[in-house]
Amino acid sequence: MTINQAQANMRDSYFGGAPGLLVSGLVWTIAGLVAAVSGAQPAVIALLIGGMVIHPGAVGVSKLLGRPGAHTKGNPLGALALESTVILLLGIALAFALSRWRLELFFPAMLLVIGGRYLTFQTLYGSRTYWLCGGALAALGFAAALLKFPVAATAGAGGLLELVFAAVVFRQVRGESQPVATAA
């Protein structure tokens with residue numbers, strides 16, 4: 001399987017990653033609403049709990065859209081997807097530890113972590129849109145930390161950015177001629 005075939009299989013299987021962006025954007029938006037109503041600590045808990053449903057939710061949305069929600073066995077990019085998830089989990093641990101020192105830095109740190117993870121999605125899906133998405137989320141995280149954005153605004157803006165990029169990726173993938181079937 002060539003890299004182009006592997007990327008096409010990932011795009012087809014997961015609708016280009018758009019369902020993951022959509023579900024994650026909704027989770028971040030909910031965390032922002034929780035922060036506005038109940039404060040930072042409940043919002044951290046909302047993001048952590050909501051984060052556990054992002055992958056299964058994205059797979060479910062992919063399947064609802066007629067995609068398999070799983071890549072072909074033997075796709076060499078499957079390892080990169082798993083490795084980037086491990087990096088994400090380590091980043092979550094770091095952001096959580098940071099929040100024990102300064103709670104308001106949890107969401108900016110998480111934006112940096114997920115922004116960094118999305119940069120690898122350019123390789124997974126073959127779409128430079130993920131470089132823009134990752135860069136925008138990381139820039140938001142950096143600005144939120146430096147300028148001391150309110151927690152609700154930081155989480156809400158992160159959610160909005162992901163939802164915008166979900167719409168962009170959905171449109172890009174729908175614009176492709178047809179799903180590409182690849183042999184294992």
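Student: What makes H7 and H8 roughly antiparallel to each other?

Tutor: This is a predicted model. In it, helix H7 (residues 129-147) and helix H8 (residues 151-175) pack at an angle of about 175°, with axes 10 Å apart. Angles over 145 degrees count as roughly antiparallel, therefore H7 and H8 are given that label.

Student: Which residues of H7 and H8 meet?

Tutor: From H7 they include Leu 132, Leu 137 and Leu 140, and from H8 they include Leu 161, Phe 165 and Val 168. The residues of this contact divide into twelve nonpolar, four polar and one charged.

Student: Why is Ser 84 called buried?

Tutor: Buried means under 20% relative accessible area. Ser 84 has 4% relative accessibility, so Ser 84 counts as buried. Ser 84 lies in helix H5. Leaving out residues up to four places away in sequence, Ser 84 touches Arg 117, Thr 120 and Phe 121.

Student: How much space lies in the largest pocket, and which residues are closest to its centre?

Tutor: The largest pocket holds about 930 Å³ of space. It is lined by 34 residues, and Ile 54, His 55, Thr 85, Leu 88 and Arg 117 are the closest to its centre.

Student: Which helices each supply at least two residues of that lining?

Tutor: H2 (18-38), H3 (40-51), H4 (54-64), H5 (77-101) and H6 (106-125) each do.

Student: How do the residues of the lining divide into nonpolar, polar and charged?

Tutor: The lining of the largest pocket has 23 nonpolar, nine polar and two charged residues.

How values were computed:
Residues numbered from 1 in each chain as written. Predicted model: local features only at pLDDT ≥ 70, side-chain atom pairs only at ≥ 80, totals over all residues. Heavy atoms only, no water. Axes fitted to C-alpha atoms, helices over the stretch in contact; angles between N-to-C directions. Helix = DSSP H or I, 4+ residues; strand = E, 2+ residues; numbered from the N terminus. Parallel < 35°, antiparallel > 145°, perpendicular 65-115°, else oblique. Contact = heavy atoms within 4.5 Å. Nonpolar A, V, L, I, M, F, W, Y, C, P; charged D, E, K, R; others polar. 1 Å grid on protein atoms, 1.4 Å probe; cavity = no way out; pocket = protein on both sides within 12 Å on 5 of 7 lines; lining within 4 Å. Points joined across faces, edges and corners; volume = space filled by probe spheres on them. Buried < 20%, exposed > 50% of the residue type's maximum accessible area, 1.4 Å probe, protein only.
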